[in-house]
Amino acid sequence: MQTFFLYCDDEEFPLENAKALEEAMDGFVETDVPLAVELVFVDGEEIRRLNRETRDMDKVTDVLSYPALDGIKGQAIKGEEHPYEIDEEDNLLIGSIVICCDRAREQAEEYGHSYNRELHYLIVHGIMHCLGYDHIEDEDRAEMREKEEFILGKLGIVRK
């Protein structure tokens, strides 16, 4: 059984990329129900609006994550514990990720790597937030970064 799905209907992230990321995430979390994340791509104006309305921060950012579940970090996820988050595809929706393509392009140039690498990083970063990881404290940041690099490594996307 496939355990991870990306809901993305946007040419910004081609189907083959989504399928590869789904495969890389497969088995990452112990679960008895397939997990799903919604992925949305927006411009700078839209992410600024969302950031202002949902986080009281009136600025453009690269990625916003909206986790649907609390307290799941490092835990086995059981569908019966989250019946209201099971969608019409019988997948457990763990959250939504919004990515600003404009900012991703700027950061790729700024960091000296490809847009493809930056986009994958931001998506994986958002997924980790939806799985309960965070980066406020140094220890948490290191743990989250390790998980991100593990998934990116499975995709063959490594830091240079």
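Author: Let us start with contact, which means heavy atoms within 4.5 Å. This is a predicted model, in which local features need pLDDT of at least 70 and side-chain atom pairs count only at pLDDT 80 or more, while totals for chains, interfaces and linings use all residues. Residues are numbered from 1 along each chain as its sequence is written, and side-chain values use heavy atoms, with hydrogens and water left out.

Reader: Which residues is His82 in contact with?
Author: Apart from neighbours within four places in sequence, His82 is in contact with Leu69, Ile72, Ile77 and Leu92. His82 itself lies in the loop between S3 and S4. Helices (H or I, at least four residues) and strands (E, at least two) are DSSP runs, numbered from the N terminus.

Reader: Is His82 buried or exposed?
Author: His82 is buried, with a relative accessible area of 13%. The term buried means under 20% relative accessible area, exposed means over 50%, and partly exposed is in between (1.4 Å probe, protein chains only).

Reader: What about Asp90, where is that one?
Author: Asp90 is found in the loop between S3 and strand S4 (92-100). Its relative accessible area is 55%, so Asp90 is exposed. The phi of Asp90 is near 65°, a positive value in a residue other than glycine.

Reader: Which phi does Asp56 have?
Author: Asp56 has a positive phi of about 60°, although it is not a glycine. Asp56 sits in the loop between H2 and strand S3 (63-67) and counts as exposed at 75% relative accessibility.

Reader: Changing topic: how many salt bridges are there?
Author: The count comes to 13 salt bridges. A salt bridge is a side-chain nitrogen of Lys or Arg within 4 Å of a carboxyl oxygen of Asp or Glu. In general, side chains of opposite charge can pair when their charged atoms come close.

Reader: What links Glu46, Arg49 and Glu53?
Author: Glu46, Arg49 and Glu53 are linked in a network of salt bridges. Arg49 forms a salt bridge with Glu46, with the closest N and O atoms 2.6 Å apart. The side chains of Arg49 and Glu53 also meet in a salt bridge (2.6 Å, N to O).

Reader: And where do they sit along the helix?
Author: Arg49 and Glu46 are separated by about one helical turn, because they are three residues apart in helix H2 (residues 44-55). Arg49 and Glu53 both lie in helix H2 as well, four residues apart, about one turn of the helix.

Reader: Which salt bridge does Lys19 form?
Author: The side chains of Lys19 and Glu22 meet in a salt bridge (3.4 Å, N to O). These residues are three apart in helix H1, so about one helical turn separates Lys19 and Glu22. Lys19 counts as partly exposed at 43% relative accessibility, but Glu22 is buried, with a relative accessible area of 4%.

Reader: Where is Glu118, and what does it touch?
Author: Glu118 lies in helix H4 (residues 115-130). Not counting residues up to four places away in sequence, Glu118 touches Ala104, Gln107, Ala108, Tyr111 and His113.

Reader: Where is Ala108 placed?
Author: Ala108 is placed in helix H3 (residues 101-111), and at 3% relative accessibility Ala108 counts as buried. Leaving aside neighbours within four places in sequence, Ala108 is in contact with His113, Ser114, Tyr115 and Glu118. Ala108 and Leu119 are eleven residues apart in sequence and 8.5 Å apart in space, C-alpha to C-alpha.

Reader: One last point: where is Asp32 placed?
Author: Asp32 is in the loop between helix H1 (15-25) and strand S2 (35-42). With a relative accessible area of 48%, Asp32 is partly exposed.
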